[in-house]
Amino acid sequence: MKIFAMAAACAALCLSAGSAGAAETAGIPGVRGIDHIGFTVPDIDQGVNFFRDVMGCTEAMRFGPFSDDKGTFMKDLVNVDPRAVIKQIAMMRCGDGSDIELFQYSAPDQKTVMPRNSDYGGFHIAFYVKDIKAAVDKAKALGLKTFMGPFELKEGPAAGQAITYVLTPWGMQLELISYPDGMAYEKNAKTRLWAPQN
């Protein structure tokens, strides 16, 4: 794929957030919300199957590959090794929250150890569920590694939520979270966090 075509495809994804009607701040203008969360998986089919069959997401599209055999396009565009290859990208629609973008890369300097939450760059994705106990029970029945929980917060601003961490088959951290009666901070909140529509 020619470099200008790759840039156009990536730009189309980046422009989807839009800027009309956003409140102006001293920071980056026009931010409307989180469009998607992107991360790299070892195998794109395994990632798509997991987020579809286990988490209930829907695959919207796939595209790729992207690479540059001689130049610095990959470093210039997405800050990876110039010889890195994005084998495929899959976009997943998940409930009424942000989308998920899955990448399958190969790169000469690729690291294959998943970061923990305590590591710089550590991350997790939290999925809101209607019934935390039912969700955790299903995760266990599917053979996913689960951690302590459902753990209910009873004090402080987040009181009212219950969480459990689980691992994907490739070791990525996910959180299941529920707060069906809201959280304590909401009583006096000037700014409210995202919450599900139903």
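Reply: Two strands are said to pair if DSSP finds at least two bridges between them, and the helices (H or I, at least four residues) and strands (E, at least two) are DSSP runs numbered from the N terminus. The model is a predicted one, in which local features need pLDDT of at least 70 and side-chain atom pairs count only at pLDDT 80 or more, while totals for chains, interfaces and linings use all residues. Residues are numbered from 1 along each chain as its sequence is written, and side-chain values use heavy atoms, with hydrogens and water left out.

Me: Why is β7 called largely enclosed?

Reply: Buried means under 20% relative accessible area, exposed over 50%, and partly exposed in between, with a 1.4 Å probe and protein chains only. By that test 6 of the 6 residues of β7 are buried, so the strand is largely enclosed by the rest of the structure. Both faces are covered, with A162, T164 and V166 buried on one side and I163, Y165 and L167 on the other.

Me: What makes the buried residues of helix α4 line one face?

Reply: In α4 (residues 132-141) the buried residues are I132, A135, V136 and A139. Seen down the axis, they fall within an arc of 95° (taken from the directions from the helix axis to the C-beta atoms), so they line one face of the helix. These residues pack against β7 and β8, whereas K133, K138 and A141 are exposed on the other side. Just after α4, G143 takes a positive phi of about 85°.

Me: How do you know that E101 has no salt bridge, and what does its side chain contact?

Reply: A salt bridge requires a side-chain nitrogen of Lys or Arg within 4 Å of a carboxyl oxygen of Asp or Glu. E101, in strand β4 (residues 99-106), is buried, yet the nearest side chain of opposite charge (Lys and Arg count as positive, Asp and Glu as negative; His and the chain ends are not counted) is R62, 12 Å away. The side chain of E101 does make a polar contact with that of H36 at 2.8 Å, where the term stands for N or O atoms within 3.5 Å, one able to donate a hydrogen and the other to accept it, with sequence-adjacent residues counting only if both atoms are side-chain atoms.

Me: Why does R62 count as partly exposed?

Reply: Its relative accessibility is 30%, so R62 counts as partly exposed. R62 is found in strand β2 (residues 58-63), and its side chain makes polar contacts with the side chains of E59 (2.6 Å) and Q88 (3.3 Å).

How values were computed. Contact = heavy atoms within 4.5 Å.
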